[in-house]
Structure formats: structure tokens, C-alpha cells
Amino acid sequence: MAKKNGSIIYKCSNCGYSQPKWLGRCPECGEWNSLEEIIIDRNAVTPGGRGSEEVQKQKPVELASIKAMEAVRLSTGIEEFDRVLGGGATKRSAILLGGEPGIGKSTLLLQTAASAAHEPARKGNILYVSGEESAAQIKDRADRLDIDSSGIQVLCTSRLEDTLDALDALNPVFVVIDSIQTIYSAEAGLIPGTVNQLKYCANELVSWVKERDSVLIMTAHVTKEGTIAGPKSLEHMVDTVISFERNTDDIRFLHAQKNRFGSVDELGIFTMTAKGLVPVVDPTSLFLTKRGASQPAGVACTPVFEGTRVFLVEIQALTVPAKASVSRVYSEKIDSGRVARVAAVIEKRCGLKFSDQDIYVNVGGGVRLSESSIDAALACALYSARTDIALKPDTAVFGELTLAGEIRPVSKSKQRIKAAQNLGFTNVLAPEADDGAVKAETIRDVIKILFK
């Protein structure tokens, strides 16, 4: 038997013989320099199984000598989901999906499980673990959505140990945990949702998937502010953090806040229907309001990029006399600091006063805008709202606005112009005169051209 020397033993890599001291030659098989230092760690998780006490001591290696491994991706079967993940779910990765109650997280993951189960190249089980619903409820949803549930294994439990036993028995290629806040382990107490429970259970599940060619997707509850509930370390433990949001209509937005295997700029768009979530493949004109020949004051259209796609959005502005001695900015979809800055530039460079006005800004369709290319369109919407002069319906504007009042060029200008022209915007103002666009170098030029 192996004897412990504190917490370290020496084990032969050839025959498995172990003893408390290092020797140059193994007494059992006679192999030279085969004894390796092994740490006795009861909390270890190794490829051989959970809770293994013997762990080989890790030593530093030169980074240049390490052979890089190309990430192997598995398609979820849903194009918009794959887009947000960067081209599919990476093997041995953990994904955390957060969203408010009733938004459709369980629907999305059930559709994902069904699509993944019927991918032609898929080999392996799909395990759907639910701590919130019964198996009958999940089956009822699958029937209501007309989902082919063959190939999906369902486990309705809140015990971590039951989940880990099922994982070891089935070795699934896709694992869905709905949700991580409902899972508990007796090792960390008996109350689900505590900080210790979340960290312990998530660590066990992530450790399991890191040693196998599987993908782990966990749903998470959110607070009233919209952030994922629980310790922030939960987001650090996983590879990808995805936010599931909606606007006032049936449109759902899926975007990554963290992604170790892809970009966080992609936006997945779905429509909620009676048959579940339907991907919106071409959202180019999804956020534009259909009107007649005229357009109200305070509205400006601009082309924006989300990842690899460009689509047109409508920025809406309203100014009213301030109700108090200090004016305020009300803006949810565009950062209120950016709105205040653009208003200050117009006041300084164009002489139009905003300091005595309350400013309201919205984006049609409920999409959030953060890129700098929207500055020029935001300035036009504010100027139009303040002067009550409407822009022509065929006008689109983009460009970054500096504090000096300059309109700076932005990336992918030609693609933005082409997308606007394809939707009937014949009058496009841009920092550079490309493909028939009108060039505007300063905010004063924009005001002169559009508002005469």
C-alpha cells in the first residue's frame, strides 16, 4: 500500500507502485526515473473520475513548446444561436444564459436540444436537466411547439449528485441545466441558490465538461436590474455569458457579454411565435417604422453594424422645457452620457440651446446602440426635435461626432451606404463621399445640408 508523506507520495508511471520517498529506480518493475510526485488532494477532479485523491503535481512548461489545439465546434442547429456563439458551441466549453422570467429561456434551450439531437453529424446523447419543471411539463411544451423530442434524455432533479451520476452514465455531447440556481449539493448545504451552492455546483459541472468532448449550457436567473443573480465569480467560471433580452414586441435579442471562443459583437434576433422562437435571418429593415410620405420631427435613421451584419435603425428624440431648474436626459437604449455630450456639441458649435430642455431619446425596435457611428444621426434627431423641422424620409446619416464638431469616418462605410441605398435611402450623409454619399465634415455641414 502507498504510504503518505504528509500530502505527497511518489508513484511509478510504468507499474503504478507508490512509496513516500523518491528513488531513482522503481523497486517493483526496475524502471529508472519513473517515480513521479503525486499530491494527495481529496477535492481534486481528474479525468479518471470525481473526487480522486491522487493528482500529479503540475510543473511549468515553456509556452512556445505547447502545441495549440484548434477549437472544435458543435452546431446547435439554430443559426442565430450559432452566430452569437461564434460559429457554434465549442467542445469542452461552459455557456451561461441569463434572462428575465418568461422571456423564453427554456423554450430556446428545448429547441436547441431538439435541433442538436437531429444534426446529421451529431453522435451522442442530449441530456436536459430541469430543477424547475416536471418531465410532463417539458413534454407538454415539446408537443405544443411541435418538437421532435426523440434523442433527448430528461432528468428532473435538483440534486447535483443525481446530475453527475447521469452525466457519468450517459456521457452526453450536449448538457442543459435549467437552471443553475435550483441545483444543490449536500456538500454545500441543503438550500439551493446560496453563494456557496452556486459556486460549488457550477464548479463541479464545469470541471466535468472540461474533461470531455461535451458542451454545457446553464440558464441563470437575473435580478430586477437585469444582471445575472448570484456571485460574479459564476460568470468568470464559464467560457461564454449570453444575455437574452426582449423589446416591447415579440422580438428577442441574444448577445454575448463574454466569449472566449468568438466575438461579442454578434446579435441574434428571434421572433416569439406560437411554435416557439423563430430566427430572423434578415433584420435589415426590422427596426424601421413604416410610414407614408412624411416623417415626424425628431426622427433620424442610421445604418449600424452588429458583428457581421448591417441594418437600419431609427433614433427618436423629444425635447421639452425642463420641469425643474436642472435639465435631465432620459435614455435607455443609448447611453445618457453620450446623448448629453452630443447635445452639448450642438449647443456649442451650432448655437442651439439645450441646457433648458429635458431630453428624451429612444431607439425604434428596442435595440441597444453603443457604436460611435450613431453620433451624427443622434445629433440630427436632437436638432430636428428642438427646431421641430423633420428630416426627409429618404435620408440616412452616420459618422462619429467629436467635441470639436467634426464628423469622423467610421469602419465599413461602403457597406453601410449600400445597405441604406438598398432600402430606398437615396440621400445618405457620411464622413466620406463613397458610392454616391454626400460628404459632411462637420456638424455645421450636416445641419446646413439637411435643414437648410
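Lys439 is partly exposed, because its relative accessible area is 44%. Partly exposed lies between buried (under 20% relative accessible area) and exposed (over 50%), taken with a 1.4 Å probe and protein chains only. Glu441 is also partly exposed, with 47%. Lys439 forms a salt bridge with Glu441, and their closest N and O atoms are 3.4 Å apart. A salt bridge here is a side-chain nitrogen of Lys or Arg within 4 Å of a carboxyl oxygen of Asp or Glu. This is a predicted model, in which local features need pLDDT of at least 70 and side-chain atom pairs count only at pLDDT 80 or more, while totals for chains, interfaces and linings use all residues. Residues are numbered from 1 along each chain as its sequence is written, and side-chain values use heavy atoms, with hydrogens and water left out.

The count comes to 20 salt bridges. One of them joins Asp162 to Arg159, with the closest N and O atoms 2.5 Å apart. Asp162 is partly exposed at 29% relative accessible area. Arg159 is partly exposed too, at 34%. Asp375 and Arg338 form another salt bridge, with a closest N to O distance of 3.6 Å. That pair links distant parts of the chain: Asp375 sits in helix H8, Arg338 in helix H7, and they are 37 residues apart. Helices (H or I, at least four residues) and strands (E, at least two) are DSSP runs numbered from the N terminus. Both Asp375 and Arg338 are buried. A network of salt bridges links Glu79, Glu80, Arg83 and Arg309.

## The nonpolar cores

A nonpolar core is a set of buried Ala, Val, Leu, Ile, Met, Phe, Trp, Tyr and Cys residues joined through side-chain atoms within 4.5 Å. The largest one has 46 residues. Ile315, Ile334, Val361, Leu369 and Leu382 have the most contacts inside this core. Elements that each supply at least two of its residues include strand S15 (251-259), strand S19 (309-321), helix H7 (336-350), helix H8 (375-387) and helix H10 (443-451). H8 gives the most to this core: nine residues.

What does Ile315 touch, leaving aside its neighbours within four places in sequence? Its contacts (heavy atoms within 4.5 Å) are Gly298, Val299, Ala300, Thr302, Ile334, Val361, Asn362, Leu369, Ile374, Ala377, Leu378 and Ala381. Another core, of 33 residues, lies apart from the largest one. Ala89, Ala114, Ala142 and Leu254 are among its residues.

## Aromatic pairs

There are four aromatic pairs. Rings of Phe, Tyr and Trp (its six-membered ring) pair if their centres lie within 6.5 Å; planes under 30 degrees apart count as stacked, over 60 as edge-to-face and the rest as tilted. Phe253 and Phe287 form a tilted pair, 5.9 Å centre to centre with 35° between the planes. Phe253 lies in strand S15 and Phe287 in the loop between strand S17 (276-279) and S18, so this pair ties together parts 34 residues apart in sequence. Phe253 counts as buried at 4% relative accessibility, and Phe287 is buried at 3%.

The ring centres of Tyr383 and Phe451 are 4.8 Å apart and their planes are at 45°, so this pair is tilted. Tyr383 in helix H8 and Phe451 in helix H10 are 68 residues apart, and their pair links distant parts of the chain. Both Tyr383 and Phe451 are buried. Ring pairs also link Phe253, Phe287 and Phe311 into a cluster.

## Backbone details

Asp178 and Ser179 are joined by a cis peptide bond, with omega about 0°. Ser179 lies in the loop between strand S12 (174-178) and helix H5 (195-210).

Asn33 is not a glycine, yet its phi is positive, near 50°. Asn33 sits in the loop between strand S2 (18-19) and strand S3 (35-40). Asn33 counts as exposed, at 62% relative accessibility. Asp146 has a positive phi of about 60° although it is not a glycine. The loop between helix H3 (135-144) and strand S11 (152-156) holds Asp146. Asp146 counts as exposed, at 61% relative accessibility.
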